[in-house]
Amino acid sequence: MNKNRTTCLVLTLLTLVTLVAAVSGPGKEIRFAVPQSWPKPKYDFKNNRLSLEGFELGRALFYDPLLSSDSSISCASCHLSFTAFTHADHKLSHGIEGLRGTRNSPVLINLAWNTSFMWDGGVNNLEVQAINPLTSPVEMNSKLPELIAKLSRSVKYRKLFFKAFGDSLITTQKLLKSLAQFTGNLVSCNSKYDSVMRREPGVRFSDRELEGYKIFKSNCETCHKEPLFTNFAFENIGLAGDSILKDTGRMKITNNPEDSLKFKVPTLRNIEYSAPYFHDGRVNKLKEVIDHYTSGIVQSPTLAKQLERKIILSGEQKKDLVAFLKTLTDKSFLYNMQFRQAISF
Amino acid sequence: MKGMSVLLLLISVLFWGFAAEGKLTRPANGLKLIFKPVFRGGSLCLHTQAYIDFHGDTLYVDALRFYISSIMLKSKDGGNYKKIPGYHLIDAEDSTTESIRITGVDEGTYTAIRFQIGVDSLTNVSGALDGDLDPAKGMYWAWNTGYIHAKLEGHAKVCPTLHQEFEFHIGGYLPPYQTIRSVELDLGTLKIRANGESVLTLHCDVSKWLAETDLAKTNSVLIPGRQAMKLADNYKEMFSVCTIY
């Protein structure tokens, strides 16, 4: 009788555990919020059911060096949250065993609006972008089947995948979709510029910032289009060619000589914190960036049309422009604890 | 008595076995489509079998993989094509991938089959996919995103490469270098019955893929472009009907 009772109890408990497990995953769906008066995002979370659990899984993966072949490098090694997810003080970043890449680590801001990824735009969808750093021999050097096997051996990840997808079977698709839930949610829309545009009470540009905004409007806005501060096009901005990397940019993807030396127009949001600048990180200061546009342009057949007319700015005007660019800093983005590595005790 | 029970047990096991068998091999209105890799009629044997191409060069094939999608059957009366969804990765290394089971085809007589070699452009921009389209299958370019429609690798003494290897990874979904190709084959008569599975075996002849390729000159095509277009035009000619029953 006693034995029977124990069996009964064990069975009931097992059923309960199964039931709880069944209802605990996947988590509640979250709607991706589009900031007021912004365009419709390119990435559609309709095909990647967004949930807190999915985001948390993506965040855990983003910060885990397990994703690299020798478990030494994570996504966050080259994309640090407090520098708008670029690699502070690194012109070019280094992957496993200190191997160097060929382009400056880009910021990860408002990626859901991007029409393509990487400096050359070779990647067509946010979800598959991560395959590049994961498998590049000079970055994380992983092979996808081995990485999936590695993650599948981890009890922690089997649990997290179950929570996110209602299934503990780990696949490439789920890995990539959860990473996209994290990176796609790195939205920066609360800079001083945004407050001014939203006419929030008590917030206005200083005289210097306002002057800078006017200069921006007449010289930079065609390519660095508001509110995302990029038109996602590819342009040759007249940087002097380099003899070592000989990077032809977009042409590597299209094989079209007309695309030679063109790179994707980057967003200017949080630019104050995302040095060094340009596709190869060749300059460190905002003033140097502006100096390039006024006096450093090198002529070549594919030079951006917008730069054929010389931009002339006085020293004071350059300071105004820098002041405006600094209004694109979004502290609530840079210091967002939800974007940092989760602390577990 | 003991013998009787053993016999009974045997009978029941056999019966159970037959029942299970019957369930597995009799899908209603089914078609089993087999892609059989060959080299000029003979079975394709990877790694060890030497073949001679149209140039007279000796070569070995190490890998043959390609996607089959948008399978359609032309019916005798209507002339309409019935599109069957799904993407199938055929891999000469794994014979289980060589047959595609299609169920739910309308009963009737069909006169032609059409399919695409490769993955359509919409699927190429659809993000992370699963199953045969899993990027981990090695048929995906990450740096210039898109599927490799077809892959042929091997080695030949005539190749002036490091290990005498040749590698053709053919992909590209953007104009002007779209390498997805459509194939249409005349079937004569293919009958799909109400109960039972018809079997259509197609040959994929690697010698035809290499028909116009001089391995001494063309041995490495790994990006979309003009050369990939030419090779795609060649592998389109690989397919022929072997048997129908």
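In the predicted model, A:Phe324 has a relative accessible area of 0% and is therefore buried. A:Tyr193 is likewise assigned to the buried class, at 3% relative accessibility.

Over all chains, the structure holds 34 aromatic pairs. In one of these, the ring centres of A:Tyr63 and A:Phe182 are 6.4 Å apart and the planes meet at 70°; because this angle is over 60 degrees, the pair is edge-to-face. A:Tyr63 is located in the loop between α2 (52-62) and α3 (126-129) of chain A, whereas A:Phe182 belongs to helix α7 (residues 172-183) of chain A, so the contact ties together parts that are 119 residues apart in sequence. A:Tyr63 has a relative accessibility of 13% and counts as buried; A:Phe182, at 0%, is also buried.

A further edge-to-face pair is formed by A:Tyr193 and A:Phe324, whose ring centres lie 6.3 Å apart with the planes at 80°. A:Tyr193 is part of helix α8 (residues 192-197) of chain A and A:Phe324 is part of helix α12 (residues 315-326) of chain A, so this pair ties together parts that are 131 residues apart in sequence.

A:Tyr63 and A:Phe182 also belong to one aromatic cluster, together with A:Phe55, A:Phe62, A:Phe85, A:Phe333 and A:Phe339.

Charged side chains were found over aromatic rings as well. In chain A, A:Arg250 lies over the face of A:Phe234, 4.2 Å from the ring centre. In chain B, the charged end of B:Arg40 is placed over the ring of B:Phe54, at 4.9 Å from its centre.

Technical notes. Residues are numbered from 1 along each chain as its sequence is written. Chains are lettered from A and ligands numbered from 1 in the order in which they are written. Side-chain values use heavy atoms; hydrogens and water are left out. Rings of Phe, Tyr and Trp (its six-membered ring) pair if their centres lie within 6.5 Å; planes under 30 degrees apart count as stacked, over 60 as edge-to-face and the rest as tilted. Helices (H or I, at least four residues) and strands (E, at least two) are DSSP runs, numbered from the N terminus. Buried means under 20% relative accessible area, exposed over 50%, partly exposed in between (1.4 Å probe, protein chains only). A charge sits over a ring if NZ of Lys or CZ of Arg is within 6 Å of the ring centre and within 35 degrees of the ring normal.
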